[in-house]
Amino acid sequence: MNIILHDNGLHLRFAPLTLTRPVGDLRVGILTNKERWEKWIPEAVVSFQTEKYISKKFPRESGGLEIEVNAAMIPSEALAAAILHLEDNQVLVSGDTWIARRGTGAEKITWTEQHPLELKQRWDLFHLNDEVLVADYFLLTGGRESQHISASNTIIGDPSLIFIEAGASVEGSFLNTTSGPIYIGKEAEVMEGSMIRGPFSLGEHAVVKMGSKIYGATTVGPYCKVGGEVSNCIFQAYSNKGHDGFLGNSLVGEWCNFGADSNTSNLKNNYSMIRSWSYEEGREVETGLQFMGVCMGDHSKCAINTMFNTATVVGVSCNVFGGEFPKKFIPSFSWGAVNGTELFDLKKAKEAANAMMNRRGLELTEGDLYIFDYLAKHGG
């Protein structure tokens, strides 16, 4: 069986994060939707129907029984069972939204249960992170036993809501589960003096630095390093905010880095609702939210003491520095973004990306290079 996660025309709605990945590869909760479908239907091959330039890295698999799934839908056990019962040329719908289809999808099958959890806007990633993280926690830990929790930690709430995978280390920290569970991935580390309030997820090989203050719902993806004060944020993978400074209600791509003492505003001084840049609309739009921090695309970085204004959007491969607030929208390959913005030379941008990746024994793939070339030519 091939499950194909279809972007459904939402490529720009979740940008800048989706300038470099399909919608179904966005991390929210503990997992990506691709990883969730692989958990619910382990016999299936899961791939993507996405933008042509992204498909060089994330190809669509073909052959066998193919079922296309709306990539913005958060899968559940009931949803997985329903799509397995789809017959040829049937489509599963909830209201005006299609969930999954097999073949032409000419025959509508109505989903009669509550509308599935759906990502409709970029900011839904952190706004829904609490609910999704809790569901992922029980999906991953059900029927399994946690590694022993060291007596050096102080536990507030229910210790059964803490799950530590094999090889992980958590010492001398405060772990509070009164608001939600805490999940620590394989070979991850929580250093001494950290204070963590769930729901919280730390991906495999990720690190929480000494004395960190983390509020839920926060997701730190695989191989990330996080320190300082963090509240309701999602780090995709391989990104660092290793020093003091506040990051709240924010979304961080892969291979990003925050300089020491960088801060993001997540609330306007007049407490009004927030407008944020939309790639889909090409302008700022109303979000209906009062709290929103920064959204940073892959391979972007900021210097020490950077001050991000409320709801700043940073594209792919930006280098943000300067002594004042950067612009609220920073296009991809920007160099500076405060007092005049120059273009980050493409060759140097690739070299900088590889320099960071080489520290983890990795380098830009052919698919990555194609994405860089496309975005540099077409803007982002």
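Select Tyr271 to begin: Tyr271 is exposed, with a relative accessible area of 56% (buried means under 20%, exposed over 50%, partly exposed in between, with a 1.4 Å probe and protein chains only). Tyr271 is not a glycine, yet it has a positive phi of about 65°. Its place is the loop between β27 and β28 (275-278); helices (H or I, at least four residues) and strands (E, at least two) are DSSP runs numbered from the N terminus.

The model is predicted: local features need pLDDT of at least 70, side-chain atom pairs count only at pLDDT 80 or more, and totals for chains, interfaces and linings use all residues. Residues are numbered from 1 along each chain as its sequence is written, and side-chain values use heavy atoms, with hydrogens and water left out.

Next, select Glu187, another non-glycine residue with a positive phi, here about 60°. Glu187 lies in the loop between β13 (182-184) and β14 (189-190) and is partly exposed, at a relative accessible area of 44%.

Two peptide bonds come next. Ala15 and Pro16 are joined by a cis peptide bond with omega of about 15°; Pro16 sits in the loop between β1 (2-6) and β2 (27-28). The bond from Gly216 to Ala217 is also cis, with omega near -5°, and Ala217 belongs to the loop between β18 (213-215) and β19.

Now turn to the pockets. On a 1 Å grid over the protein atoms alone, a pocket is an open set of points with protein on both sides within 12 Å along at least five of seven lines, whereas a cavity is a set where a 1.4 Å probe fits but cannot get out; lining residues have an atom within 4 Å of a point. Points are joined across faces, edges and corners, and a volume is the space filled by probe spheres set on them.

The largest pocket has a volume of about 900 Å³. To centre the view on this pocket, select Arg27, Thr32, Glu35, Glu204 and Pro222, the closest to its centre of the 40 residues that line it. Elements that each supply at least two lining residues include β3 (31-32), α1 (33-40), β19 (218-220) and α7 (366-378). The lining comprises 15 nonpolar, 10 polar and 15 charged residues (Ala, Val, Leu, Ile, Met, Phe, Trp, Tyr, Cys and Pro count as nonpolar, Asp, Glu, Lys and Arg as charged, and the others, Gly among them, as polar).

The second largest pocket has a volume of about 330 Å³. Of its 18 lining residues, Ile74, Pro75, Ser76, Leu117 and Ala135 are the closest to its centre. Which element gives the largest share of this lining? Select α5, which contributes five residues. By class, the lining holds 11 nonpolar, three polar and four charged residues.

The largest cavity has a volume of about 50 Å³; among its 13 lining residues, Arg122, Phe126, Met292, Gly293 and Cys295 are the closest to its centre. Its lining divides into seven nonpolar, five polar and one charged.

The second largest cavity holds about 30 Å³ of space. Select Lys241, Phe246, Leu247, Phe258, Ser262, Asn263, Thr264 and Phe308 to display its lining, to which β24 (246-248) and β27 (263-264) each supply at least two residues.
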